[in-house]
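Here are my notes on the side-chain contacts in this model. Please read them with the structure open.

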Amino acid sequence: MTPKMGGGPDWPADSCTNSAIPRRCCWTGRGAGGGLGGGSAGYRISSAVDISLAWRNPGSKDDQLLRVAISDVKIENATPRPDEDNIFLDTPTQRILGTANLEALERPFLVHLKLGKVKGLYSYQKELTAIRNLKRGVASLLQLQLTSGKTQEVDASGRCMVEYTAGKDHVTRVKAVDTCKTLETGFTTHSQVLGVSGKSSSITEFTLEDGFVKTAVSEETHVLSVNARHSAAAKVVSRQTLTLVSKEAGPQEAAGQDVPSVVQSLDGEFVSVSVLPERVKTKCKTCPTLWEHWQAVHKQLEPEGLSKAAATRNFLSLIHSVRKSTKEDILKVMKNCSKTALPQMVDVVTSAQTPPLWTPTCGRKIGSTEIRESVMIIMGALVRKLCQKGGCELPAVLEVKKLLLEGPGSSEEEEKVQMYLLALKNAMLPEAVPLLTQFSESEVGALSTIAITALQRYDRALITDEVKQTLNRVYHQNRRIYEKNVRAAAADVIFSSDPSYMEVKNLLLSIGDLPHEMNKYMLSKVHDILRFEMPASAMVRRVMKDMISHNYDRFSKVGSSSAYSGFMARAEDVTSTYSLDILYSGSGILRRSNMNIHAVSQGAHLHGLQVAIEAQGLESLIGATADEGEEDLESFAGMSAVLFDVQLRPVTFFKGYSDLMSKMFSLSSDPMNVVKGLILLTDHSQVIRLQSGLKASVEFQGGLAIDISGGMEFSLWYRESKTSVNNRGALVVVGSVAVDMDLMRAAVEVSFETEASLDFITTVQFSEYPFLVCMQMDKATFPLREFVVKQESLWTGKTFASRRGRKELVPGSEFPLHQENSNMCKRVFDESW
């Protein structure tokens with residue numbers, strides 16, 4: 001036997017011989033597992049491993065070549081399973097791997113160790129990459145140092161930082177998995193609320209006896225979960241074990257002064273291979289083409305089915321197909337799909353977020369103004385996502401950025417300018433702040449509102465003193481008269497942008513000199529900031545100590561406008577809030593209604609939903625006088641939506657007096673569709689290189705199919721108006737982990753889905769002043785379904801799959817608003833409410 005050397009222990013100069021013991025130096029790899037109720041899938045590879053010393057550097061005893069031979073390979077389930085579900089039963093290893101691959105795996109290879117670290121591997125040229133990676137996994141377990149400390153090592157999981165803790169006859173190696181660098185790069189959702197979190201660990205325990213490694217046991221664990229619902233999680237466990245069974249005299253050591261010459265003398269067919277793993281390119285042999293996939297699912301993506309979970313699931317699966325398809329394949333689908341399904345296919349292609357696909361996205365739709373505007377607005381959102389991923393300098397992104405920044409100044413048409421501003425609102429380019437600030441003072445109220453609300457989305461650091469000066473000029477009307485909703489939007493940005501003492505004081509001093517309903521709106525906004533402890537609350541409290549700013553005359557203004565925020569849900573994973581801001585004209589007709597839903601998770605914030613209804617120029621219907629600055633406004637009503645930080649194309653209910661009259665007389669009670677579409681919320685792709693040489697592919701996708709409609713009803717006879725916003729949606733999140741050697745595959749898929757609705761109705765009776773206003777926000781009972789699917793398959797065609805799930809009903813409710821609203825609703829509905 002060979003004595004222990006200073007740099008690291010000797011693996012036996014003797015070899016592990018075949019004996020009657022079933023598991024000798026046994027290497028075990030385990031695949032993926034996870035899901036509900038501990039469901040798992042995976043496989044175990046075990047074998048004998050003969051290790052012998054092939055060469056030792058005459059000048060350095062810690063510079064060695066080990067000859068490693070794998071034999072008696074067995075493949076079985078990672079966990080016990082009934083015979084009828086066991087695809088490995090009665091399937092010999094030779095059949096699973098193939099004769100040539102098994103022979104390649106059992107052909108000896110060389111490991112170059114220096115001071116206990118793997119410096120090189122030598123194997124054969126014509127080997128399947130997956131087989132070579134298994135050899136890398138065995139070599140990775142041979143690295144060891146006998147002194148405590150941190151160092152960097154290269155093994156089958158990449159280039160990683162490790163820490164050794166050495167004791168008497170025992171060494172522990174802890175790998176900092178998050179530091180590992182590999183060839184593969186993944187991507188993830190930028191929004192933390194919608195993203196995926198992971199926890200990983202890798203610990204190897206070595207026991208020594210008489211200077212030899214007696215056992216080496218490694219366990220590596222990776223847990224990934226959806227931030228918004230941590231029960232939707234997947235787990236990867238990889239275990240390796242080497243056990244010294246016996247020792248005996250090994251073969252004669254080769255002579256030589258350097259590694260390359262010795263390697264060639266041992267076998268001229270040996271070639272040097274990287275210790276880092278190679279990419280395994282797996283091909284789906286049964287996957288349909290994009291056209292075949294589209295043909296199978298397109299009926300479920302028609303507009304009438306967009307609030308169902310099936311539509312969202314098919315949307316997510318189509319994204320995978322698009323990412324694997326050529327531009328020609330995509331064009332074929334888009335040229336041949338129906339007009340009603342085309343917008344959904346546009347959603348699929350744009351969600352794939354691959355810049356070369358942008359050209360076919362626009363290819364067929366130039367003739368449609370509505371779709372062209374929608375595509376341009378969504379392009380802004382794509383620019384933002386690609387910039388967040390470091391792709392801001394891609395040629396396609398630079399081209400779109402240039403188009404968006406130059407667009408507002410290149411056209412005199414209000415509709416086109418509005419389109420570009422909405423796209424910039426989505427793109428959130430820092431270089432667009434001066435342009436948006438300029439348009440904040442536009443003479444066109446709609447353009448001012450878009451520019452100001454766009455600025456509200458930026459980080460506070462980009463809202464400079466110059467920007468705030470402009471917003472203060474707009475609110476206080478220093479240069480010209482502005483519409484109420486423009487001034488209210490400016491006030492909202494000032495309050496949310498770390499306002500100074502004088503800014504808050506001037507806002508409070510303006511109350512009393514504003515139009516009646518705007519006085520009430522600003523008072524409600526101040527009370528809401530204080531009650532809900534918003535960031536500006538401390539400064540507002542400080543200003544209110546001044547009795548000139550805070551007195552009864554100023555804070556006793558009456559009206560129907562309001563601003564109110566509350567909690568929708570408080571959970572361990574995520575907290576969601578809602579806010580309702582309503583501004584009326586002096587005649588009692590709705591001017592602006594703004595409903596927002598926000599989510600907060602682990603300190604991160606997400607604007608989940610905004611539905612805004614705006615109306616103007618309707619005073620002539622009831623013979624009322626318009627407010628200051630709004631005397632000449634054209635009759636108009638419309639609605640816009642923001643979904644998960646993405647501004648969508650606004651919808652117009654009517655524009656112009658004649659259009660208003662025609663729609664009033666032909667108006668049905670059914671709300672008008674505002675948006676139907678599909679949105680990719682979560683998009684996470686990751687490759688985990690395991691120390692065992694196996695590869696785990698992780699995919700998490702979440703999508704939302706949405707159907708938002710809204711409407712306005714007027715009754716001149718009853719002097720009553722009603723606005724409604726109906727939100728229908730289907731949310732699906734799917735996460736999968738697969739360990740795929742190409743020869744065999746194990747995978748676990750976890751998912752959850754729900755179909756929900758949220759209605760917001762405002763009823764106004766303007767037969768008296770103050771007007772009677774009743775706001776209702778209802779959530780219907782909705783289902784929540786969770787599933788786990790386990791799959792195992794062999795290249796021979798043998799497969800196993802199981803599916804488990806559970807369902808629960810979440811009860812509906814009406815969200816509580818302020819007590820004043822409850823009192824008004826009782827009066828509106830004759831005390832029966």
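**Notes on side-chain contacts**

1. Lys 484 and Glu 630 form a salt bridge through their side chains, at 2.9 Å from N to O. This pair links distant parts of the chain, 146 residues apart. Lys 484 belongs to helix H16 (residues 484–495), while Glu 630 sits in the loop between strand S17 (604–616) and strand S18 (636–643). Lys 484 is buried, at 2% relative accessible area. Glu 630 is buried too, at 3%. Bear in mind that the model is predicted.

2. Helix H16 also holds Asp 492, which is linked to Lys 525 in helix H18, 33 residues apart.

3. Shared partners join salt bridges into one network of Glu 483, Lys 484, Arg 591, Asp 627 and Glu 630.

4. The whole structure has 38 salt bridges. Among them is Lys 135 with Glu 127, at 2.6 Å from N to O. Lys 135 is buried at 2% relative accessible area. Glu 127 is buried at 12%.

5. Three aromatic pairs turn up in the whole structure. One of them, Phe 532 with Phe 567, is tilted: 5.1 Å between centres and 45° between planes. Phe 532 is in the loop between helix H18 (516–531) and helix H19 (537–544), and Phe 567 is in strand S14 (residues 562–570), so the pair ties together parts 35 residues apart in sequence. Phe 532 is partly exposed at 21% relative accessible area; Phe 567 is partly exposed at 37%.

6. Two arginines to check over rings: Arg 480 lies over the face of Tyr 482, 4.6 Å from the ring centre. Arg 803 lies over the face of Phe 787, at 4.2 Å.

Notes. Residues numbered from 1 in each chain as written. Predicted model: local features only at pLDDT ≥ 70, side-chain atom pairs only at ≥ 80, totals over all residues. Heavy atoms only, no water. Phe/Tyr/Trp six-rings, centres within 6.5 Å; stacked < 30°, edge-to-face > 60°. Helix = DSSP H or I, 4+ residues; strand = E, 2+ residues; numbered from the N terminus. Buried < 20%, exposed > 50% of the residue type's maximum accessible area, 1.4 Å probe, protein only. Lys NZ or Arg CZ within 6 Å of the ring centre and 35° of its normal. Salt bridge = Lys/Arg side-chain N within 4 Å of Asp/Glu carboxyl O.
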